[in-house]
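Here is a short briefing on one protein chain. Keep the sequence and the 3D view open as you read.

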Amino acid sequence: MSADFWAGYISGAVGILIGNPLDLIKVRLQARDAIASQTPASYVRQFDSKSALVAGTAAPVLGYGALNALLFVSYNRSEAALNAAFNTQHNLWATWLAGAIGGLATWVVSTPTELIKCRAQLPSPPQSSWSITKHVLRTEGVKGLYFGGVVTALRDSIGYGFYFWSYEWSSKWIESSRPNASAFSQDAAKVLLCGGLAGVVTWASIFPLDVIKTRVQTQTFGAEMAPLLGSPPSPQRRLGAIEVARDAYKEGGMRVFFRGLTVCSVRAFIVNAVQWAVYEWVMLELGQGRNKRLEPI
């Protein structure tokens, strides 16, 4: 396995463990009526039990580690190929496109991971990631794990394009504004700040899509889990992304598509600052620092 595979895997798993409590609040805010009132006290009540702190982490730790590994490998190879094809270097448009390609490549892992995670994080009824996986496979087959795949692919492609673009842009800006800073202090501050900013920019760019994705994927067949939308669909039919978006807009206008963005932004800054720091550190330890460019496949 390549250095960027392991760096991506480890940093992805670390990011999930750090950010899960705030991610749980984000998902419950996005899912209609999962949190009745948006107050600090209501947020604290989401963690009445210790198990709530890690609710829904099993699937992401396994899946998101693999997803992050696939993401960074796809991004690095795509960027190298694009720069070679267009005879450019450090081009931000190539960076965005390579990030979008990398995000699209993660679809095969991110869709089932997100579906299981979102359902596991809902407050009622409480279910483990494994029990949700078994139920979906038993009732819907493998296809059921990819419900909401189109909106997830769109979210990931756009989001990761901005993710890598904003990280590289802010890195260049900091390097140009602090030419006399020591290498260590510059790199440490740059990675943490740029990683955090990249996370915030990414979520701000795709948050409405994420709200739609969450509402699409938390619909289930039958009566074991009540549908999250105002007018329950028939037991054999769930709403698509466009129908979900239309119903969400009727429910609360444009504001509903940004419900949970503040919590998500705080989480995104912390998680991605740490995640990028871990990624860059592992790459450096494996002899693949930022000054060493990967060759296209």
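A residue counts as buried under 20% relative accessible area, as exposed over 50%, and as partly exposed in between. Trp107 has a relative accessibility of 33%, so Trp107 is partly exposed. Keep in mind that this is a predicted model.

**Overall build**

- The chain has eleven helices and zero strands.
- Of its 297 residues, 51% are buried.
- The accessible surface of the chain is about 14100 Å². Carbon and sulfur atoms account for 66% of that surface.
- Take the contacts in the chain with a separation of 6 or more: 80% of them join residues 24 or more positions apart.

**The nonpolar cores**

- In soluble globular proteins, nonpolar side chains tend to be buried together.
- The largest nonpolar core here holds 24 residues. Phe72, Tyr160, Tyr163, Phe164, Tyr167, Trp276 and Tyr279 touch the most other members.
- Six helices each supply at least two residues of this core: α1 (3-30), α3 (58-85), α4 (92-105), α8 (149-177), α9 (183-217) and α11 (261-285). Helix α3 gives the most, with six residues.
- What does Phe72 contact, leaving aside its neighbours within four places in sequence? The partners are Asp4, Gly8, Phe164, Trp276 and Tyr279.

**Aromatic pairs**

- A pair of aromatic rings is described by the distance of the centres and the angle of the planes.
- The whole structure contains 16 aromatic pairs.
- Phe72 and Phe164 are both buried.
- Trp107 and Tyr146 form a tilted pair, 5.1 Å centre to centre and 40° between the planes.
- Trp107 lies in helix α5 (residues 107-121), while Tyr146 sits in the loop between α7 (142-145) and α8, so the pair ties together parts that are 39 residues apart in sequence.
- Tyr146 has a relative accessible area of 25%, so Tyr146 is partly exposed.
- Ring pairs also link Phe72, Tyr75, Tyr160, Tyr163, Phe164, Tyr167, Trp276 and Tyr279 into a cluster.

**A closer look at Cys194**

- Cys194 is in helix α9.
- Is Cys194 buried or exposed? Its relative accessibility is 0%, so Cys194 counts as buried.
- Beyond residues up to four places away in sequence, Cys194 touches Tyr167, Ser170, Ser171 and Ile174.
- Cys194 and Trp276 are 82 residues apart along the chain, and their C-alpha atoms are separated by 8.5 Å.

**A nonpolar patch on the surface**

- Ile18, Leu193, Leu197, Val266, Phe269 and Ile270 form a nonpolar patch on the surface. Together they have about 460 Å² of accessible area.
- Helices α9 and α11 each supply at least two residues of the patch. Helix α11 gives the most, with three.
- Leu197 lies in helix α9. Its relative accessible area is 37%, so Leu197 is partly exposed.

**Salt bridges**

- Side chains of opposite charge can pair when their charged atoms come close.
- How many salt bridges does the structure hold? There are nine.
- Glu114 and Lys117 meet in a salt bridge at 3.5 Å, N to O. Both lie in helix α5, three residues apart, which is about one turn of the helix.
- Glu114 has a relative accessible area of 12%, so Glu114 is buried. Lys117 is buried too, at 6% relative accessibility.
- Arg155 pairs with Asp156, with the closest N and O atoms 2.9 Å apart. Both Arg155 and Asp156 are buried.
- Arg215 pairs with Glu251, with the closest N and O atoms 2.7 Å apart. This pair links distant parts of the chain, 36 residues apart: Arg215 is in helix α9 and Glu251 in helix α10 (residues 241-252).
- Arg215 is buried, at 1% relative accessibility, whereas Glu251 is partly exposed, at 31% relative accessible area.
- Salt bridges that share partners join Glu114, Lys117, Arg155, Asp156, Asp210 and Lys213 into one network.

Key:
Residues are numbered from 1 along each chain as its sequence is written. This is a predicted model: local features need pLDDT of at least 70, side-chain atom pairs count only at pLDDT 80 or more; totals for chains, interfaces and linings use all residues. Side-chain values use heavy atoms; hydrogens and water are left out. A nonpolar core is a set of buried Ala, Val, Leu, Ile, Met, Phe, Trp, Tyr and Cys residues joined through side-chain atoms within 4.5 Å. Buried means under 20% relative accessible area, exposed over 50%, partly exposed in between (1.4 Å probe, protein chains only). Helices (H or I, at least four residues) and strands (E, at least two) are DSSP runs, numbered from the N terminus. Contact means heavy atoms within 4.5 Å. Patches are made of residues with over 30% relative accessible area and no salt bridge: like charges are joined within 9 Å, nonpolar side chains (Val, Leu, Ile, Met, Phe, Trp, Tyr) within 5 Å. Accessible areas come from the Shrake-Rupley method with a 1.4 Å probe; for residues, only the protein chains shown count as cover. A salt bridge is a side-chain nitrogen of Lys or Arg within 4 Å of a carboxyl oxygen of Asp or Glu. Rings of Phe, Tyr and Trp (its six-membered ring) pair if their centres lie within 6.5 Å; planes under 30 degrees apart count as stacked, over 60 as edge-to-face and the rest as tilted.
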